[in-house]
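This report describes a structural model, element by element. The sequence and structure are shown first.

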Protein chains: 2
Amino acid sequence: MPMQPHAPNDGESLPPTSIGTLYGVGLGPGALDLLTMRAFRVISATRLLAVPVKAVGADSFARSIVADLITDQQEVLELTFPMRSDPEVLRPHWEKAGRAVAERLAGGESVAFLCEGDPFTFGTFIYVFREVCRLLPQAPVEVIPGISAYHAAAARTLMPLAAGDDRVAILPATYGVEIVGEMLERFDTVVLLKVKPVMDQLIDLLEERGLAKHAVFVNKVGTDQEQVVADITTLKGHTPDYLSLVLARNPERLKEPVLRGCRKK
Amino acid sequence: MPMQPHAPNDGESLPPTSIGTLYGVGLGPGALDLLTMRAFRVISATRLLAVPVKAVGADSFARSIVADLITDQQEVLELTFPMRSDPEVLRPHWEKAGRAVAERLAGGESVAFLCEGDPFTFGTFIYVFREVCRLLPQAPVEVIPGISAYHAAAARTLMPLAAGDDRVAILPATYGVEIVGEMLERFDTVVLLKVKPVMDQLIDLLEERGLAKHAVFVNKVGTDQEQVVADITTLKGHTPDYLSLVLARNPERLKEPVLRGCRKK
């Protein structure tokens with residue numbers, strides 16, 4: 001596990017022959033005012049920005065969040081991450097993106113990779129980061145955490161994620177809904193990502209268990225495409241957007257006994 | 001589940017006889033520049049701030065994060081949340097805190113409750129929010145999500161939380177270490193909070209499973225009391241701080257088959 005001294009580092013002040021700094025900048029869920037001050041600072045201090053796109057020439061959600069901040073003096077490098085789930089299909093794209101970034105870092109430029117949400121929570125930044133660590137292990141890396149979509153969804157719907165001894169599971173729906181059912185017995189809150197392929201089955205499962213009323217569907221919170229659906233049964237038969245998520249609570253689950261202080265082993 | 005129209009609302013512009021707005025403001029892990037712009041705006045626009053303290057007159061971590069932002073024109077209401085884990089001991093304190101806030105809201109003042117991390121992720125704000133919903137259900141509530149300590153810890157240690165089909169479990173260690181072992185078989189990343197009472201047992205468990213090298217200990221990331229320990233075995237016999245956490249990865253776990261698109265039911 002790499003680790004670096006972490007004084008915030010303005011890469012632009014390095015001499016041109018030094019290796020540039022790779023910044024992974026979390027932009028949060030989509031509203032400009034949910035960027036952190038640190039993200040603002042790094043974006044405005046770095047000439048070379050990188051953004052993920054689904055295909056050459058396609059829109060970038062990350063870029064759209066900070067469109068008002070990007071100036072003509074900055075260069076935007078588009079890196080392609082196709083909307084596919086098979087790692088074997090994706091790997092050459094990860095390698096190409098990482099190589100493009102590593103070349104610029106090796107040439108002495110810093111690169112700020114802009115990533116919706118939090119860069120290290122299902123962010124495309126992770127693939128670039130891994131590739132840069134492999135190709136250019138001496139490159140300084142700084143990650144600026146961002147507000148995750150699920151934290152923003154909880155805030156927006158006034159649905160606490162966890163209090164006291166609660167447990168939270170965060171999982172992509174790609175393992176099928178059976179596992180979601182199981183998780184709802186062990187966790188107070190289940191955050192379900194990539195719900196698109198299993199939406200109808202998920203609604204059935206939550207209805208069968210009487211938990212549909214404790215679930216909420218959220219997509220692109222804080223943007224002009226925001227969707228918040230408190231009654232998720234109304235979504236049956238609809239195909240949700242790729243970035244949408246479901247927060248499901250199970251207030252009835254049987255809890256294991258809790259240690260109070262250190263009295264019990 | 002309550003839900004509100006969510007245009008950001010500057011409570012101070014309401015006429016004095018209206019009910020004030022309750023803001024739950026996430027401050028992030030401890031560094032001032034990890035506040036969001038929205039948190040800055042709400043803190044500066046709200047005269048009455050509330051902060052959690054462990055005991056009357058004790059320091060408040062939340063207050064210390066934003067000490068430089070608070071002006072003489074603002075009032076800071078201290079609300080006591082003792083460092084106890086028994087809900088029956090805590091309930092009268094939650095009720096008292098909620099009542100104090102509800103009275104000010106009913107009098108027409110808005111209240112910004114300042115909360116380290118994210119307000120809805122193990123935040124003391126949740127107890128005030130629930131009590132205000134009970135006493136004054138018509139009060140407008142707005143929650144400003146914050147960077148969680150575990151997101152900041154992952155960024156700080158350059159340890160991705162989840163990529164692709166990974167799963168994350170977030171749980172307090174109050175259920176004992178046996179459950180942590182089980183969770184490491186089902187989840188790629190386990191975020192363990194409130195590790196204080198089980199630290200030695202946890203280190204033993206991670207060593208037995210060969211996972212100690214994939215774990216990291218973090219406390220108060222981004223503050224001047226920050227502790228980051230990459231080799232957690234060196235912590236044996238030490239009593240960690242209440243706010244410390246452990247990120248543990250299990251790169252070897254056997255994964256269930258994944259659905260690719262919708263081909264498999």
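How many bridges join β1(A) to strand β5 (residues 141–144) of chain A, and do they run parallel or antiparallel? The strands are joined by 4 bridges and run parallel.

## Basis of the model

The model is predicted: local features need pLDDT of at least 70, side-chain atom pairs count only at pLDDT 80 or more, and totals for chains, interfaces and linings use all residues. Residues are numbered from 1 along each chain as its sequence is written, while chains are lettered from A and ligands numbered from 1 in the order in which they are written.

## Strand β1 of chain A

Helices (H or I, at least four residues) and strands (E, at least two) are DSSP runs, numbered from the N terminus; two strands pair if DSSP finds at least two bridges between them. Besides its pairing with β5(A), strand β1 (residues 22–26) is joined to strand β4 (residues 111–115) of chain A by 5 bridges, again in parallel. A:Val25 stands opposite A:Ile144 in β5(A), and its bridge partner in β4(A) is A:Leu114.

A residue is buried if 20 or more other C-beta atoms, placed from the backbone, lie within 10 Å of its own, exposed if 12 or fewer, and partly exposed in between. In β1(A), 5 of the 5 residues are buried. A:Leu22, A:Gly24 and A:Gly26 lie on one side, with A:Tyr23 and A:Val25 on the other, and both faces are covered.

Strand β6(A) is largely enclosed by the rest of the structure, because 5 of its 5 residues are buried. One side carries A:Val168, A:Ile170 and A:Pro172, and the other carries A:Ala169 and A:Leu171. Within chain A, 5 bridges join β6(A) to the parallel strand β7 (residues 189–193), where A:Leu193 is the bridge partner of A:Pro172.

With contact defined as C-beta atoms, placed from the backbone, within 7 Å, the interface takes 59 residues from chain B and 59 residues from chain A. On the side of chain B, the elements that give two or more residues are α1 (37–45), β5 (141–144), α5 (149–157) and β6 (168–172). Of these, α5(B) gives the most, with 6 residues.

The same surface serves both copies, as 100% of the contact residues of chain B recur in chain A.

## Helix α1 of chain B

B:Arg38, B:Ala39, B:Val42 and B:Ile43 are buried in α1(B). They cover an arc of only 130° around the axis, which puts them on the same side of α1(B); the arc is that of the directions from the helix axis to the C-beta atoms. Their cover includes β1 (22–26), β2 (48–53), β4 (111–115) and β5 of chain B.

## An exposed loop residue

A:Asp231 is located in the loop between β9 (227–229) and β10 (245–249) of chain A. This residue counts as exposed, with 11 C-beta neighbours inside 10 Å. A:Asp231 and A:Ala212 are 19 residues apart in sequence, and their C-alpha atoms are 7.4 Å apart in space.

Methods
Contact = placed C-beta atoms within 7 Å.
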